[in-house]
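Subject: The structure we talked about

Hi,

Here is the structure I promised to pass on. Please open it alongside this email, and I will walk you through what turned up.

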Amino acid sequence: MAEILERSKGAVETSEAQIAVHWREEEYYYPPAKFVGQANLTDPSVIERFSEKNFPECFREYADLLSWDQYWHTTLDTSDPPFWKWFVGGKINASYNCVDRHLAKYKNKAALIFVPEPESEAPVSVTYRELYVRVNEFAALLRDFCGLKSGDRVTIHMPMVPELPVTMLACARLGVIHSVVFGGFSGEACGMRAADSGSRVLITMDGYYRNGKMIDHKAGADIALEIAKKEGQAVDKVLVWRRHLGKNASASPFVKERDFFVDEILPNYSGEIVPPVPMDAEAPLFLMYTSGSTGKPKGCQHRTGGYLSYVAGTSKYIQDIHPEDVYWCMADIGWITGHSYIVYGPLALAATSVLYEGVPTYPDAGRVWRIAERLDVNIFHTSPTAIRMLRKSGHDEPAKYNYHFKHMTTVGEPIEPEVWRWYHDVVGKGEAVIVDTWWQTENGGFLCSTKPALDPMKPGSAGPGMPGIYPLIMDENNEPVTAGSGKAGNICIRNPWPGIMQTIWGDRDRFVTQYYSKYCKNRSSKDWHDWPYFAADGAVLAVDGYFRILGRVDDVINVAGHRLGTKEIESACLTVSEVAEAAVVPVVDEIKGRVPEVYIALQPGLQASQAIVDKVNKAIETMIGKIARPRRVLIVPDMPKTRSGKLMRRVLAALSNNMNTGDITTLANPDVVEKVREMVQGKEAVALADGPEDLKKFGTEE
Ligand code: WT7
């Protein structure tokens, strides 16, 4: 972990940019010769080719990895900043690029290998030919049975099964915009997203295995429909895939004329071929909802041509995917990592992509390595949370299995150098190159990473900007932070790139304010140089040009690599009638990085009780899902507030993390802080920690 030794003098309020950060410079690790010998990207001229003087045309290299129905005439159109347009005039179909075009050479090769959670069920391979058949048949069903056409939106709430990529690719074939909601999100969360996207079809599944149990998943669909209706959106068809054909794993009522088992109607479309619709490069391919600073998740709208080019290019050069590789990304397809690096990127390159249904440690800590051995996986992609979990539960397990990774990825959160080294030495057996890829739902693909055969690795640092990505760190005074200064600031990307989202679905203004207003130099400028992208992450830049990402600088909590908005959790708490005020803060967690902690003030006259705590927990689980479960729900006598009545989340975050609360004498009720401290930390004074950067910053902008 970073060792933070010193804060800059004279800073009254700690702003990210004013904090001097020092940490032990980690030593370089060099890519193994065996890896370099076979890598896709070994020519150092890539740096020159993707340098600013060749921007934006450099991205032709990525677009040329794809098969276009019509070549584009303008690589980048900047006429309506910051709504950049890529490969304008081009026409392309994502489903064709991920399936049809591979048939000539690879029809008998596995596109997907599905690994069911129960070890009694053998892995199932889906060849490119079989994928082609399934995608076509399902596309025919979507078109003819559901009446869907290009531009329509469909919400998909499914677990990790091959039917999920089949569904996505069938949508893409028709130009239908899919919105996949993570299967672990609740019915309510799904319903809100279905309403926002204006979906009239919901695609779900009866059930799936998780931690040894069959989960009733379809029950969520009934709730989702109710919520969507309340929000003014009628969903009139629910397509239900079944985990075991002909058997129903869900106890939820089957609504005639509305619910349909896919396996019952799909035979009507047997053998049908649906021509892929040539889509404008700028046509939306999908929406992916993510948390931000407001109570309502935003639908990141991703374009077809730019997005697919970017994920194909980065999968080839950074993931080093060759068609003969067995590639396993352990993320869930319901998150952006899964979209880009389980489905679209790998399949665009004719890779074999592994899908695992269940929990990595089920039934024991050796499961992941048994899968790797059995399938002979050679590229492995996961998050620091999973690595920490596997390290804790089975430190020596990997050595027991005969698998060999050439390449491994870590993504989603900062990784502690010692955890990185375990990943390298024990999981990778010292043979694999590692990339630490930094990016976000909004970005489509990687923004910072080492180039695996060209750059040395540095534990805990993501690395330099990707080819064609020019990051910089800005301080609060709009000044760039120089490399090697040790100062933390806000990481920005100076330029547009093909994978960046188009807009927030239905909310152009929020797109501009959220990502561009902070550092825009001139609102009327049509020059992209005036529109740096604000990522809302703190970072430090070392002299070697490597970025070390410190974490979010807004009120988003990164729980196990998944984004949760504190405001979303607070809104859920406020649905409990006894609750007058709610404040949610991030707390450091050994495995998950951060977890939420909830503070509650009750309506006047009410007594704190376990029953209320239970209600709050239940509300969070119902409104969002189990992943948002707080560490604790603390009912406090009063919230620390400023004299103008602002709730001081910063103070609560400091208490939850045993950090210094800073000056509290100016609060309206400073005495309440000690009362709350006792509730949180106990009567005895605890040793105070300096705390990580994101927590120091948390709540300071309110
Ligand atoms: C946030 C984005 C798209 C990746 C999956 C998460 C954090 C992401 C790293 C990394 C340190 C990272 C950032 C970012 N993050 N990758 N390699 N090192 N932090 O996507 O849910 O949109 O979350 O994840 O804080 O802003 P997401």
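A word on naming to begin with: helices (H or I, at least four residues) and strands (E, at least two) are DSSP runs, numbered from the N terminus. Please also keep in mind that this is a predicted model.

With that numbering, Lys-429 is found in the loop between helix 15 (417-427) and strand 20. Lys-429 is not a glycine, yet its phi is positive, at about 50°. Most residues other than glycine have a negative phi, and most peptide bonds are trans.

On the subject of peptide bonds, there are two cis ones to look at. Pro-81 and Pro-82 are joined by a cis peptide bond with omega of about -5°, and Pro-82 sits in the loop between strand 1 (74-77) and strand 2 (85-88). Another cis bond links Tyr-362 to Pro-363, with omega of about -5°. Here the loop holding Pro-363 runs between strand 17 (352-356) and helix 13 (367-375).

Now to the ligand. Which residues come nearest to it? Of the 18 residues around the ligand, they are Asp-436, Thr-437, Thr-441, Asp-537 and Arg-552. Helix 12 (336-348), strand 20 (433-437) and strand 25 (547-552) each contribute at least two residues to the shell. By type, the shell is made up of six nonpolar, seven polar and five charged residues.

Some atom pairs to find in your viewer:

- Thr-441: an N or O atom in its side chain is 2.5 Å from an oxygen atom of the ligand.
- Asp-436: a polar side-chain atom lies 2.7 Å from a nitrogen atom of the ligand.
- Gly-412: a backbone N or O atom is 3.1 Å from a nitrogen atom of the ligand.

How much of the ligand does the protein cover? On its own the ligand has 560 Å² of accessible area, and the protein covers 96% of that.

Last, a helix pair. Helix 19 (residues 649-656) packs with helix 20 (residues 670-681) at an angle of about 35°, and their axes are 9 Å apart. The crossing of helix 19 and helix 20 is right-handed. Helix 19 brings Val-651, Leu-652, Ala-654, Leu-655 and Ser-656 to the contact, while helix 20 brings Val-673, Val-676, Arg-677, Val-680 and Gln-681. Seven residues of this contact are nonpolar, two are polar and one is charged.

Best wishes

Methods: Residues are numbered from 1 along each chain as its sequence is written. This is a predicted model: local features need pLDDT of at least 70, side-chain atom pairs count only at pLDDT 80 or more; totals for chains, interfaces and linings use all residues. Side-chain values use heavy atoms; hydrogens and water are left out. Axes are lines fitted to C-alpha atoms, for helices over the stretch in contact, and angles run from 0 to 180 degrees between N-to-C directions. A crossing is left-handed if the near helix is turned anticlockwise from the far one by less than a right angle, and right-handed if clockwise. Contact means heavy atoms within 4.5 Å. Ala, Val, Leu, Ile, Met, Phe, Trp, Tyr, Cys and Pro count as nonpolar, Asp, Glu, Lys and Arg as charged, and the others, Gly among them, as polar. A residue is near a molecule or strand if one of its heavy atoms lies within 4 Å of it. A polar contact is a pair of N or O atoms within 3.5 Å; within protein, one must be able to donate a hydrogen and the other to accept it, and residues adjacent in sequence count only if both atoms are side-chain atoms. Accessible areas come from the Shrake-Rupley method with a 1.4 Å probe; for residues, only the protein chains shown count as cover.
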